[in-house]
Amino acid sequence: MTDRVIRGLALDGRARAYAADTTETMRELQRRHGTFPVATAALGRTITAGAIMGAMLKGEERLTVRIKGDGPIGQIVVDAGADGVVRGYVDNPHVDLPPNDRGKLDVRGAVGEGSLYVVKDLGLKDPYVGSVPLVSGEIAEDVTYYFAKSEQTPSAVALGVLVDTDGSVRVSGGFVLQLMPGIAEEDIAGIERKLEELGSVTEKLDREVPLVDLMRELVPSFTALDELPVTFRCRCSRARIDSTLIGLGREELESMLAEQGGAEVICHFCSERYVYDAGDLRRLIARIDGGGAGGEEPETGETKMES
Ligand code: ZN
């Protein structure tokens with residue numbers, strides 16, 4: 001099964017529904033970042049939320065979901081676009097916590113208290129920025145709160161990752177159901193009842209219940225309109241990392257050259273390593289001197305330097 005978001009309508013168009021399977025994407029991210037189970041769950045839930053929110057955009061539009069709490073995982077960052085391309089990372093992939101009181105992965109404990117930010121690049125001069133305080137730290141509740149508070153759209157959100165005993169990803173996915181104005185009270189009550197009965201989304205994905213059937217269990221009138229393939233891809237490249245290093249300035253590059261004889265840059269989003277030897281650094285310094293520092297847009301704030 002390939003990863004995707006299906007988009008559809010229900011209740012005579014008074015509800016919009018999105019359901020996502022992000023299993024392959026999360027397997028790739030788990031492998032790249034070496035996330036431990038609780039970090040895999042936290043990142044996977046955010047990836048699913050990001051992929052679905054990306055599927056709400058159009059054309060070249062992109063968004064970043066950033067969950068910044070005071071817990072040991074640090075921040076969780078996910079980029080997604082209307083094209084279905086997603087990437088993401090957590091600050092501390094090796095966070096390791098005992099199970100919570102329900103015997104589940106303690107995502108809330110890993111995230112802590114803080115805020116959820118959504119930055120949308122809609123091709124306008126300034127990006128749209130929305131933020132809400134974290135109300136739960138379990139992510140689905142926080143995304144629900146964001147939709148209600150920042151976008152004034154009452155929504156039901158389920159996000160889940162099933163992590164196998166060996167730490168690999170069995171399934172990852174979820175759904176967002178958004179209620180439009182004019183929806184009848186009895187329809188809302190019906191959805192609330194179904195939500196309670198529905199049970200775990202990951203258990204259904206694990207049984208290979210198709211996304212359309214999953215949504216029909218929740219709202220029988222669901223009709224799929226289309227589907228968006230979801231894939232992991234990072235935007236980093238050697239040229240962009242060159243620009244990042246050049247942006248540090250001549251002095252910084254010279255001290256790297258003198259002290260370390262080179263540099264190693266790791267992309268946060270994909271854990272790709274870019275190694276610069278002394279000759280590479282000298283060439284970058286020469287580009288600063290030659291005024292030819294332009295080139296690719298740098299990967300600002302998305303890379304970490306290692307020496
Ligand atoms: Zn990258």
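1. The buried residues of helix α10 are Asp-280, Leu-281, Leu-284 and Ile-285, where buried means under 20% relative accessible area with a 1.4 Å probe, protein chains only. They cover an arc of only 140° around the axis, taken from the directions from the helix axis to the C-beta atoms, which puts them on the same side of α10. An α-helix has 3.6 residues a turn, so residues three or four places apart point the same way.

2. A word on the model: it is predicted, with local features needing pLDDT of at least 70 and side-chain atom pairs pLDDT 80 or more, while totals for chains, interfaces and linings use all residues. Numbering runs from 1 along each chain as its sequence is written, and side-chain values use heavy atoms, without hydrogens and water.

3. What do the buried residues of α10 pack against? Their partners are α8 (238–248), α9 (250–260), β12 (262–267) and β13 (273–277), counting heavy atoms within 4.5 Å as contact. Helices here are DSSP runs (H or I, at least four residues), as are strands (E, at least two), numbered from the N terminus.

4. At the start of α10, a side-chain oxygen of Asp-277 comes within 3.1 Å of the backbone nitrogen of Gly-279.

5. Cys-236 sits in the loop between β11 (231–232) and α8, and Cys-267 in strand β12, so the pair ties together parts that are 31 residues apart in sequence. Both Cys-236 and Cys-267 are buried.

Terms used: Buried means under 20% relative accessible area, exposed over 50%, partly exposed in between (1.4 Å probe, protein chains only). A polar contact is a pair of N or O atoms within 3.5 Å; within protein, one must be able to donate a hydrogen and the other to accept it, and residues adjacent in sequence count only if both atoms are side-chain atoms.
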